[in-house]
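Me: Could you walk me through this model, one question at a time? I'd like the cut-offs spelled out as we go.

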Amino acid sequence: MARRSPMNSRYQKNQEPPGQTRKSAASAKPKRAMGVSSASTTAAKDKGKAESKGALFRATPTTPEYRALRKRWIILLVVAVVSIVAAALAQATLADWAYTSQVWMATTGLAYAALFYALYLDFFKMRPLRKAAEKAAKESKHSKKDSK
């Protein structure tokens, strides 16, 4: 789009100081609806942020069963990472040793077993407990609203 020249007569209509361009129609449009205060829009935005933040930080159960499963899950993930590092180190340092491939296969197999068992714990043991805790938290939140 061409730039407006302030010296062109079509842009100087009804202009007191000559040499200025007219304001565009977009600058004349209101930025918000009439009668709506900006404070209410920021409150609505803050409420939306709080709800989305709640989705990130869900209610986690504090039962001993869940804590034990969580601890086992973390240990399995650490075992998987350590065994992957051990497999890489075994392949890099034991190049002359006759059992390098067997060591690598054993450590990689241990890593896969630990990862798959951690996934099993997460999906089939821990998730139902988390869902139940979320449901209980929602019900308690609704019951608090109803009692008010």
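Reply: Ground rules before we start. This is a predicted model, where local features need pLDDT of at least 70 and side-chain atom pairs count only at pLDDT 80 or more, while totals for chains, interfaces and linings use all residues. Residues are numbered from 1 along each chain as its sequence is written, and side-chain values use heavy atoms, with hydrogens and water left out.

Me: In what order do the elements of the protein chain run from the N terminus on?

Reply: Helices (H or I, at least four residues) and strands (E, at least two) are DSSP runs, numbered from the N terminus. On that basis the protein chain has four helices and zero strands. Read from the N terminus on, the order is α-α-α-α.

Me: What share of the protein chain's residues counts as buried?

Reply: Buried is under 20% relative accessible area, exposed is over 50%, and partly exposed is in between (1.4 Å probe, protein chains only). The areas themselves come from the Shrake-Rupley method with a 1.4 Å probe, and for residues only the protein chains shown count as cover. Of the 148 residues in the protein chain, the buried share is 14%.

Me: How far does helix H3 reach from its first C-alpha to its last?

Reply: H3 covers residues 64-93, which is 30 residues.

Me: Is Ala80 buried or exposed?

Reply: Ala80 is found in helix H3, where the buried residues include Leu76, Ser83 and Ala87 too. As background, an α-helix has 3.6 residues a turn, so residues three or four places apart point the same way. Across to Thr108, 28 residues off in sequence, the C-alpha to C-alpha distance is 8.5 Å. Because its relative accessibility is 2%, Ala80 counts as buried.

Me: Which residue forms a salt bridge with Asp122?

Reply: Side chains of opposite charge can pair when their charged atoms come close. The cut-off for a salt bridge is a side-chain nitrogen of Lys or Arg within 4 Å of a carboxyl oxygen of Asp or Glu, and the structure holds one. Asp122 is buried, with a relative accessible area of 16%. Its closest N and O atoms are 3.1 Å apart, and the partner is Arg130.

Me: How far apart in space are Arg130 and Pro61, C-alpha to C-alpha?

Reply: Arg130 sits in helix H4 and counts as buried because its relative accessibility is 16%. In sequence, Arg130 and Pro61 are 69 residues apart. In space, C-alpha to C-alpha, the gap is 6.2 Å.

Me: What is the area of the nonpolar surface patch?

Reply: A patch takes residues with over 30% relative accessible area and no salt bridge, joining nonpolar side chains (Val, Leu, Ile, Met, Phe, Trp, Tyr) within 5 Å and like charges within 9 Å. Among the members here are Tyr112, Phe116, Tyr120 and Phe124. Tyr112 is in helix H4 and, since it has 49% relative accessibility, counts as partly exposed. The patch covers about 760 Å².

Methods: Expected span 1.5 Å × (residues − 1).
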